2 protein chains.
Amino acid sequence: MQTVEVKQLYRESEKYLNQDVRVSGWVRTVRSSKAFGFIELNDGTFFKNLQIVFDEKLENFKEVEKLPISSSITVEGKLVETPGAKQPFEVQATKIIIEGMSSSDYPLQKKRHTFEYLRTIAHLRPRSNTFSAVFRVRSVAAFAIHKFFQERGFVYVNTPIITGSDCEGAGEMFRVTTLDLNNIPRKEDGSIDFSEDFFGREANLTVSGQLEAEIFALAYKKVYTFGPTFRAENSNTARHASEFWMIEPEMAFADLNDYMDTAEDMVKYIISYVLENAPEEMEFFNNFIDNTLLDRLNNVLNSEFARITYTEAIDLLKKSGKEFQYPVEWGCDLQTEHERYITEEIFKKPVFVTNYPKDIKAFYMRLNDDGKTVAAADLLVPGVGEIIGGSQREERYDVLVRRIEELGMRKEDYWWYLELRKYGETKHAGYGLGFERMIMYLTGMGNIRDVIPFPRTPGNCEF
Amino acid sequence: MQTVEVKQLYRESEKYLNQDVRVSGWVRTVRSSKAFGFIELNDGTFFKNLQIVFDEKLENFKEVEKLPISSSITVEGKLVETPGAKQPFEVQATKIIIEGMSSSDYPLQKKRHTFEYLRTIAHLRPRSNTFSAVFRVRSVAAFAIHKFFQERGFVYVNTPIITGSDCEGAGEMFRVTTLDLNNIPRKEDGSIDFSEDFFGREANLTVSGQLEAEIFALAYKKVYTFGPTFRAENSNTARHASEFWMIEPEMAFADLNDYMDTAEDMVKYIISYVLENAPEEMEFFNNFIDNTLLDRLNNVLNSEFARITYTEAIDLLKKSGKEFQYPVEWGCDLQTEHERYITEEIFKKPVFVTNYPKDIKAFYMRLNDDGKTVAAADLLVPGVGEIIGGSQREERYDVLVRRIEELGMRKEDYWWYLELRKYGETKHAGYGLGFERMIMYLTGMGNIRDVIPFPRTPGNCEF
C-alpha cells in the first residue's frame with residue numbers, strides 16, 4: 001500500500017484512483033449517521049481536505065464517529081471517484097488508526113472566530129483555512145523572491161542583525177545588551193561603561209541592511225538581502241510591526257531606471273509565481289477576504305507600470321479637485337491618501353513616483369542636477385499605496401560628504417560607507433520591499449499581525 | 001553593441017565571439033608596456049576575470065595604463081579567442097570609460113593578506129578571490145537549501161527573532177530592550193519593572209526556532225526555518241559566532257529514521273548543487289584552501305551514511321585503543337575528538353549516532369522505551385565533527401510534563417508547547433543545521449568569521 005500526501009492525490013489523482021492508499025492527517029470535521037460517516041481530513045500538504053468515508057465494518061467505528069476535531073489519524077482505503085459530488089474523489093476507509101486523540105475543548109471549533117481571537121492562539125491558527133492559506137502563500141512568495149534573484153545572477157547576502165551603527169536613521173532601534181540591568185557598569189564620570197557590554201560598545205537591532213548590501217553590490221554587481229529588520233516605534237497600526245522581513249536588492253552599474261525595471265519585473269514575477277503555485281489559496285482569498293483580489297493582481301500582471309515625477313504627481317493631485325485630509329504642496333511628503341488616489345483613481349495601476357525633494361528623503365540618495373531633488377522612486381500600488389522604496393545611491397564622494405555634514409551627521413560613523421566611494425565607486429541603485437506588505441497585497445489580509453506567524457508589536461511577544 | 005556580463009561570456013562564449021561587446025567591472029590588475037597593455041577585469045558576476053587588451057590607439061591610453069586597482073571602468077571592444085593562452089578569450093578594447101578612479105591607497109593590493117587583516121576591512125574583502133568565492137558559495141548553498149525543501153513540499157516559516165520565552169535553554173541569550181539604562185523603572189519592591197519595557201516583559205533574541213517550527217509542522221506536516229539565531233556566550237573559538245543562521249526542518253508523522261533520511265538527502269543535495277553551480281569557486285578552494293576538499297565532498301555524495309547507536313559508538317571508541325584527551329564512558333557527551341575519530345578513522349564517511357543518554361540531551365527529545373536514552377541523532381562528518389543535531393520529539397503529553405518537572409522547569413512557560421500534545425499530537429521529528437558550519441564544510445574555510453559577511457563575536461560588531 002502506498003503512503004501518499006493529499007497534495008499528490010489532488011495533483012496526480014489518475015495515478016492513485018481505484019488503488020489502496022495510506023494517508024495521515026488531522027480531522028477537520030466528522031459527520032456520521034447510524035451506519036456510516038464522513039471525515040474531512042487535512043494533512044497540511046494541501047489547502048483542500050480529503051474526504052474519507054467510513055462505515056460500521058471498521059473495528060473502531062464507534063470511536064471514529066466521535067473523534068474530536070483536530071485528532072490525528074492514519075487512514076487506509078481505496079481512492080475512488082465521486083462524480084457529481086462537491087469533492088472529486090474520496091477514500092473508502094478499510095482501517096483508521098487514531099494517532100493522537102484531540103481534546104474536546106479544542107478551541108478552533110467549526111464556528112467562525114475573529115482574527116483578533118485567533119492571534120491569541122497563534123499556536124493553533126495555522127490549522128484554520130485562512131491562516132493555512134496565508135502562511136503557505138508567504139512561503140511560496142519567499143521562494144519566488146529567491147528564485148527571481150538567483151535566476152538573474154544576484155548574490156544573496158546576509159547582512160548583520162546586530163549592529164554597532166545607528167547610522168541609517170530609518171527608525172527607532174532596539175538595544176541589544178548583556179549588561180546586568182541591576183548592576184550597570186559606570187565610568188568615572190558616571191556615564192554607562194558600554195565597553196563592558198558584550199560587543200564592547202552599544203549595539204542595536206538593524207533597521208535596514210542597505211548600507212551593507214551596497215558593500216556587496218560593489219563586489220558582486222547584483223545582490224539582495226532577505227532577512228528580518230526591526231523598529232522600536234510605539235505605533236499600533238494595522239501596517240506596522242516591530243519585527244518584519246525585508247528584501248533589499250542593490251545593483252552596481254545601475255541607475256534609477258534599472259531599479260524600476262527590476263522592481264517591476266520582480267513584482268510581476270512574485271504575483272505570477274504565487275498564482276501558479278498556490279491557486280487554491282488565492283481563490284480562497286478572492287472568495288472570502290477580498291473579492292477584487294484576483295482582478296487586481298491580474299491587472300498588475302498585464303499593466304506596464306506608470307512612471308511620473310513627484311512634481312507631476314503634485315500637479316495631478318492639485319488639479320484633481322479632491323479634498324485631502326493632508327493638503328498638497330510641493331515639498332510635502334505624500335500620505336497614503338495621496339498615494340492611493342494616484343494609483344487607484346488616476347492611473348488605476350501601479351505607479352512609480354520619481355525624483356522627490358531631497359529634504360524628505362534619506363542622505364544616501366543621489367542628488368539630481370537641479371540641486372533640489374534626489375533620484376528616488378517609490379512604487380505605489382492600488383489597494384495599498386507605497387510598497388517599494390528605492391533610489392539611485394549617491395556615489396560621488398564629495399557630494400555625499402557635503403550631504404552628511406549638511407544633516408549634522410558624523411562623518412566618522414560612515415568611514416566604510418565613504419570608502420566605497422573612494423575605491424572604484426560607480427553609479428548604483430537599490431530598493432527595499434517590505435515582505436509583509438507584499439503578503440498583505442497578495443492575500444488581501446488587512447492587518448500585518450495576520451501575515452506574520454508570531455507577530456511582535458508594542459506589548460506583544462508571546463510564543 | 002551588446003552590454004554583457006562576464007558570466008555570460010564564460011558560459012556562452014560562442015554567442016559573443018568576434019562581436020562587439022560592452023562590459024563594466026572593476027580592475028583587478030593592469031600591466032602595460034610602451035604600446036599596449038592588459039587589464040584583468042572582474043565584474044562580480046563571475047569568479048574569473050576577463051582579460052582586456054588595450055593599446056595606444058585609445059584616447060586615454062596614458063590614464064588607463066596607470067589605473068589604480070579597483071577602479072571601475074566600462075570597456076567596449078571585440079571578444080576574440082586566444083588559443084593557447086591562459087584565458088580562453090579576451091576583449092580588444094576600442095574604448096575604455098573610467099567610471100570611478102580608485103585611490104592609490106586601496107588596501108587590497110596584489111600581495112597576499114592574512115584573513116585576520118581582511119576581517120578589519122570587511123567592506124572590501126568580498127573583492128578578494130577567497131571571499132568572493134566564499135560568499136558566492138554561501139548564496140548558492142542558501143538557495144540549494146530553499147530549493148531542496150520547496151521541491152519536497154516543505155513550507156518555509158519565519159519563526160520569531162525577538163522572543164519572550166527563554167525556554168529552549170540552548171544557550172545564553174541577548175536581552176532586547178528599549179528601557180533607558182540611565183533611568184530604569186522600578187517596582188515598589190525595588191526590582192526592575194519590565195512592564196515598562198517595549199514588549200511589557202523581558203525579551204531576548206532567539207536561540208532556536210524549533211519549538212515554534214513544531215507548531216507549524218503540526219499544521220503543514222513538513223516545514224523548515226532558515227533565519228538568524230543568537231548566542232551570548234563569551235566563547236572566542238573558530239567555530240562560534242554570536243549571530244549565525246540556522247535551518248530547522250520539522251516533520252509530522254515522521255520518526256527518527258525519517259529525519260535521518262531527509263537530512264542525508266539534504267546534505268547530498270546541497271553538495272551537488274554547489275559543485276554544479278559554483279565549480280570555479282570550488283576548484284579554487286580545492287587548490288588554495290584545502291586540497292582534500294573535492295575528494296571529501298565527492299566521497300560524501302557516493303556514500304550511504306552510517307548509522308550507529310551512541311552505545312555502539314562508545315564501545316568502538318573504547319576498543320580503539322586510542323588515547324583521548326576526554327576519557328570515554330557511557331553517559332559522557334561526545335567531544336569533537338571522539339566525533340572526528342568515529343567519522344574519519346572508523347567509518348571514513350558521515351555517520352549518524354543515535355539514541356543518546358537522556359541526561360545529555362534536551363527535554364523535548366522523545367524518551368526511548370529503555371527509559372535511559374532518547375531518540376536523538378547527530379550527524380558527524382569527516383573534517384568537522386557534528387554538523388547536524390536532531391531528534392524525534394516527545395509527543396506524549398504525560399511523558400513531556402514529567403520530563404519538564406524532572407528538570408525543574410516551569411510548566412506554565414510551556415503552555416502552548418504542551419497544548420500541541422493535547423490537540424492532535426502525532427509522532428514528529430526535526431533537526432537543526434548550522435548554516436555557517438555547512439559553509440565551512442563546503443569551502444574548507446577554518447574560521448566561522450570568514451564565512452559570515454559581517455561576523456559578530458564578543459567585542460566585535462563593526463560594519
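This is a predicted model: local features need pLDDT of at least 70, side-chain atom pairs count only at pLDDT 80 or more; totals for chains, interfaces and linings use all residues.
A polar contact is taken here as a pair of N or O atoms within 3.5 Å, where, within protein, one atom must be able to donate a hydrogen and the other to accept it. By this criterion, 47 residue pairs are in polar contact between chain B and chain A, both residues of each pair being at pLDDT 80 or more.

The side of chain B that touches chain A draws its largest share, twelve residues, from helix α5 (residues 129-151) of chain B. By residue class, this side of chain B comprises 55 nonpolar, 32 polar and 22 charged residues. In terms of contacts, 109 residues of chain B meet 109 residues of chain A. The size of an interface is often expressed as the accessible area lost when the parts come together. For chain B and chain A the buried area is about 8,900 Å², and carbon and sulfur atoms contribute 63% of it.

Charged pairs also occur across this boundary. Side chains of opposite charge can pair when their charged atoms come close. The rule finds eight salt bridges across the interface of chain B and chain A. In one salt bridge between the two chains, the side chain of A:E5 meets that of B:K222 at 2.9 Å, N to O. Strand pairing likewise links the chains: strand β9 (residues 175-177) of chain A and strand β9 (residues 175-177) of chain B run antiparallel and are joined by three bridges. Within β9(B), B:T177 is the residue opposite A:R175.

In chain B, eight strands form an open sheet with mixed pairing, in the order β7-β11-β12-β17-β16-β15-β14-β13. Its edge strands are β7 (155-156) and β13 (306-309) of chain B, each of which pairs on one side only. Inside this order, strand β15 (residues 373-381) of chain B is joined to strand β16 (residues 385-392) of chain B by six bridges in an antiparallel arrangement. B:L380 has B:E386 of β16(B) opposite. Helix α7 (residues 256-277) of chain B lies across β12 (243-252), β13, β14 (351-357), β15, β16 and β17 (428-434) of chain B, and runs at about 145 degrees to β16(B).

Chain A contains an open sheet of eight strands in the order β7-β11-β12-β17-β16-β15-β14-β13, with mixed pairing. The strands at its edges, β7 (155-156) and β13 (306-309) of chain A, each pair on one side only. Six bridges hold strand β15 (residues 373-381) of chain A and strand β16 (residues 385-392) of chain A in an antiparallel pair, with A:A377 opposite A:G390 in β16(A). Helix α10 (residues 310-319) of chain A packs on this sheet, where α10 touches β13 and β14 (351-357) of chain A and makes about 90 degrees with the direction of β13(A). Helix α11 (residues 336-346) of chain A lies across β13, β14, β15 and β16 of chain A, at about 65 degrees to β15(A).

Further pairing in chain A involves strand β6 (residues 89-100). Strand β4 (residues 50-55) of chain A pairs with β6 of chain A in the parallel sense over three bridges, and A:I52 has A:V91 of β6(A) as its bridge partner. Strand β5 (residues 72-81) of chain A, by contrast, runs antiparallel to β6(A), the two being joined by ten bridges. A:G100 in β6(A) is the bridge partner of A:S72.

Over all chains, the count by the salt-bridge rule comes to 62. In chain A, a salt bridge is formed by the side chains of A:E76 and A:R22, at 3.0 Å from N to O. Because A:E76 lies in strand β5 of chain A and A:R22 in strand β2 (residues 20-32) of chain A, the pair ties together parts that are 54 residues apart in sequence.

Key. Residues are numbered from 1 along each chain as its sequence is written. Chains are lettered from A and ligands numbered from 1 in the order in which they are written. Side-chain values use heavy atoms; hydrogens and water are left out. Contact means heavy atoms within 4.5 Å. Buried area is the accessible area (1.4 Å probe) that two parts lose on being put together, summed over both. A salt bridge is a side-chain nitrogen of Lys or Arg within 4 Å of a carboxyl oxygen of Asp or Glu. A polar contact is a pair of N or O atoms within 3.5 Å; within protein, one must be able to donate a hydrogen and the other to accept it, and residues adjacent in sequence count only if both atoms are side-chain atoms. Helices (H or I, at least four residues) and strands (E, at least two) are DSSP runs, numbered from the N terminus. Ala, Val, Leu, Ile, Met, Phe, Trp, Tyr, Cys and Pro count as nonpolar, Asp, Glu, Lys and Arg as charged, and the others, Gly among them, as polar. Two strands pair if DSSP finds at least two bridges between them. Axes are lines fitted to C-alpha atoms, for helices over the stretch in contact, and angles run from 0 to 180 degrees between N-to-C directions.
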